[in-house]
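Q: I have just opened this one and would like to be walked through it. Could we go slowly, one topic at a time?

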Amino acid sequence: MANRNTPLDDELRAYLVAHSARETAAQAGIREATRAHPHAGMQIGPEQAQFLALLVKIVGARRAIEVGVFTGYSALAVALALPEDGKLLACDISDEYTRVGRPFWSAAGVAGKIDLQLGPALATLDARIAAGEAGQYDFAFIDADKTGYDAYYERCLQLLRPGGLVAIDNTLWGGKVAHPAAGDADTAALQALNAKLHGDARVDVSLLPVGDGLTLARKR
């Protein structure tokens, strides 16, 4: 979730944000409300949120999934990019964290687009698969517990239609993935997933140095 070890220095990143990011008042409000949070580093930056929104529009998404909502900044970006009848299935386990963003969802007029499901994401995704929703989603964003990433990826891939896109955050993990995991379960999980994605014939894939590493996988 954190933007660790960005390849840009602070001055260049400030320029990038100033000349690219187009935040609504509600988006800026969530970022400000999250600034003092003890886990504020888990929130993606405005440039990454805008990139996700652009991807949603490029693939023409109407139904999207988010695994890991935190305070709701990325969910707001995706919901704003969806059409009026679009829906975002937002999965998180924390009522406390997601409560921060909910008023801003309402202020932006997109609360009705966001189906927030509080509970283990695997249970939520499995329930949607069991309900016959496989192949009915267009876009997914995974940004939650790293040891769960592989299982979330597999479920999202089932739920995506051919041509659908899954974006996976933190896949460079502050550079740790390039070194032995040394007993670090999160790093080991990301290394295993990166290796799996590289050879996964079910998808077209690209790992990008955006934020803390962002992998895009298009379902074939």
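**Charged pairs and enclosed space**

A: At 31% relative accessibility, aspartate 95 counts as partly exposed. Please keep in mind that this is a predicted model.

Q: Okay, and which residue does aspartate 95 form a salt bridge with?

A: Aspartate 95 pairs with arginine 102 in a salt bridge, where the closest N and O atoms are 2.6 Å apart. Arginine 102 has a relative accessible area of 26%, so this residue is partly exposed.

Q: How many salt bridges does the structure hold?

A: There are 18 salt bridges in the structure. As a general point, side chains of opposite charge can pair when their charged atoms come close.

Q: Let's take another one, then: what does lysine 196 form a salt bridge with?

A: The partner of lysine 196 is glutamate 154, and the closest N and O atoms of this salt bridge are 2.6 Å apart. This pair links distant parts of the chain, since lysine 196 sits in helix H8 (residues 185–198) and glutamate 154 in helix H7 (residues 149–159), 42 residues apart.

Q: And is glutamate 154 buried or exposed?

A: Glutamate 154 is buried, because its relative accessible area is 19% and buried means under 20%. Lysine 196, at 28% relative accessibility, counts as partly exposed.

Q: Changing topic: how many cavities of 30 Å³ or more does the structure hold?

A: The structure holds one cavity of 30 Å³ or more, and the largest cavity contains about 70 Å³ of space.

Q: What lines the largest cavity?

A: The lining consists of Met42, Gln43, Ile44, Gly68, Val69, Phe70, Thr71, Gly72, Tyr73, Ser74 and Asp143. Sorted by class, the residues lining the largest cavity are five nonpolar, five polar and one charged.

Conventions: Residues numbered from 1 in each chain as written. Predicted model: local features only at pLDDT ≥ 70, side-chain atom pairs only at ≥ 80, totals over all residues. Heavy atoms only, no water. Salt bridge = Lys/Arg side-chain N within 4 Å of Asp/Glu carboxyl O. Buried < 20%, exposed > 50% of the residue type's maximum accessible area, 1.4 Å probe, protein only. Helix = DSSP H or I, 4+ residues; strand = E, 2+ residues; numbered from the N terminus. 1 Å grid on protein atoms, 1.4 Å probe; cavity = no way out; pocket = protein on both sides within 12 Å on 5 of 7 lines; lining within 4 Å. Points joined across faces, edges and corners; volume = space filled by probe spheres on them. Nonpolar A, V, L, I, M, F, W, Y, C, P; charged D, E, K, R; others polar.
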